[in-house]
Amino acid sequence: MPVTLGSLKRAEPRKNRIYAMRRLGRTIFGRTTQPPRSWQILENEMNALDDCVIVFDAYGTLFDVYSVAELAEQVFPGQGAQLSQIWRAKQLEYCFLRTAGDRYEDFSTITASALRYAAEKLSLPLTAEAHDRLMGAYLHLAAFPENLAVLRSLRQLGAKLVILSNGTQPMLEAAVHSAGMDELFNHVLSVDPIKKFKPDPQVYQLACDAVGLPANRITFVSSNGWDVSGAGWFGFRAFWVNRRCDPVEQLDSIPWRIGSTLTDLLHALQPVDATQ
């Protein structure tokens, strides 16, 4: 069977990709010719992230929670952006409060409660139809434009990808499918089994248990500064996707790296050629 760059990127596991890389090298350079250094570097890079586990937050990191503003604007003209902002802020606040007070409700229930609060705050008539339309939008949130290509590149480089989210399992699976991210993640983890929300340490432990690694062997990625701080406290190597150019949280937890998009994560994880 002929070997191409495309086929060797898809080869699993690592050993098979190495063999495929070497077969392709022999095809191009011959069996007795030493491949150039650039080819050896490429062989190393093809397997650079085989031992890398990357855990992603979902809402705000992979999926744009404010993409509901467009529909909200259709439902409540002139109020869509403000409604989506209040909705998101109250959603997070309820997660924090319910964890602190040991009064768990799942993320779908909290999201609906936050929507009702936001509508009442703005004196908007939230009919049953409007409620259902807006809640339905949370199952089809837009992914940030660079995300799909970056995730595919990380998989091609051998990384194991995990989602760890406050969302319910049905919400997460619907969002992943809607964004065309099926087959990209090794695990999609919801907090529902432990009935607590991030940044409770038990939530982050779910990722360690799923992949069988300690926290210091895992890279955690979030666009939420508080989530990055919580992940750092837990022991993860935390990458902050700081899309809004916010200051670093004034907590005793500094991000490992900071980028403005998910593409910066790919750059941070790529090996550096010492000859350059």
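## Buried helices and exposed loops in a predicted model

Ala114 is buried, with a relative accessible area of 0%. This value comes from a predicted model. Ala114 sits in helix α6, which spans residues 107-121. Beyond four places in sequence, Ala114 touches Trp87, Lys90, Gln91 and Tyr94. Leu92 lies 22 residues from Ala114 in sequence, and the two C-alpha atoms are 8.8 Å apart.

**The chain as a whole**

The protein chain has twelve helices and six strands. Of its 276 residues, 48% are buried. Take the contacts with a separation of 6 or more: residues 24 or more positions apart account for 62% of them. The chain exposes about 13900 Å², and carbon and sulfur atoms supply 52% of that area.

**The nonpolar core**

The largest nonpolar core holds 77 residues. Ile54, Phe56 and Leu154 touch the most other members. Helix α6 gives this core its largest share, seven residues. Leu154 has contacts with Leu49, Ile54, Phe56, Ala159, Leu161, Leu265, Leu266 and Leu269, leaving aside residues up to four places away in sequence.

**Helix α5 and Ser84**

Ser84 is found in helix α5, residues 80-100. Is Ser84 buried or exposed? Ser84 counts as buried because its relative accessibility is 4%, and the cut-off for buried is under 20%. The side chain of Ser84 reaches the backbone oxygen of Ala81 at 2.8 Å. Apart from neighbours within four places in sequence, Ser84 is in contact with Tyr66, Val68 and Ala69.

**Strands β2 and β3**

Strand β2 covers residues 160-165 and strand β3 covers residues 187-190. The two run parallel and are joined by four bridges. Ser165 has Ser190 in β3 as its bridge partner. From β2 the chain crosses through helix α9, residues 169-178, to β3. This β-α-β crossover is right-handed.

**Helices α10 and α11**

Helix α10 spans residues 201-211. At its start, a side-chain oxygen of Asp200 reaches to within 2.8 Å of the backbone nitrogen of Gln202. Val203, Tyr204, Leu206, Ala207 and Cys208 are buried in α10. The buried residues of α10 pack against β1, β2, β3, β4 and α11. Gly212 follows α10, with a positive phi near 70 degrees.

Why is helix α11 described as largely enclosed? Seven of the ten residues of α11 (residues 225-234) are buried, so the rest of the structure largely encloses this helix. The buried residues are Gly225, Trp226, Asp227, Val228, Ser229, Gly230 and Ala231. Their cover includes α5, α10, β4 and β5. Gly235 follows α11, and its phi is positive, near 120 degrees.

**Loop residues**

| Residue | Loop | Relative accessibility |
|---|---|---|
| Ser123 | between α6 and α7 (128-137) | 64% |
| Glu183 | between α9 and β3 | 72% |
| Ile254 | between β5 (237-241) and β6 (257-259) | 66% |

Ser123 has a phi near 55 degrees, a positive value in a residue other than glycine. Glu183 is also not glycine and has a positive phi, near 75 degrees. Ile254 is exposed because its relative accessibility is 66%, and exposed means over 50%.

The loop between β3 and α10 holds Pro199. What is the geometry of the peptide bond from Lys198 to Pro199? That bond is cis, with omega near 10 degrees.

Methods: Residues are numbered from 1 along each chain as its sequence is written. This is a predicted model: local features need pLDDT of at least 70, side-chain atom pairs count only at pLDDT 80 or more; totals for chains, interfaces and linings use all residues. Side-chain values use heavy atoms; hydrogens and water are left out. Buried means under 20% relative accessible area, exposed over 50%, partly exposed in between (1.4 Å probe, protein chains only). Contact means heavy atoms within 4.5 Å. Two strands pair if DSSP finds at least two bridges between them. A crossover is right-handed if, with the strands pointing away from the viewer, the path from the first strand over the helix to the second runs clockwise. A nonpolar core is a set of buried Ala, Val, Leu, Ile, Met, Phe, Trp, Tyr and Cys residues joined through side-chain atoms within 4.5 Å. A polar contact is a pair of N or O atoms within 3.5 Å; within protein, one must be able to donate a hydrogen and the other to accept it, and residues adjacent in sequence count only if both atoms are side-chain atoms. Accessible areas come from the Shrake-Rupley method with a 1.4 Å probe; for residues, only the protein chains shown count as cover.
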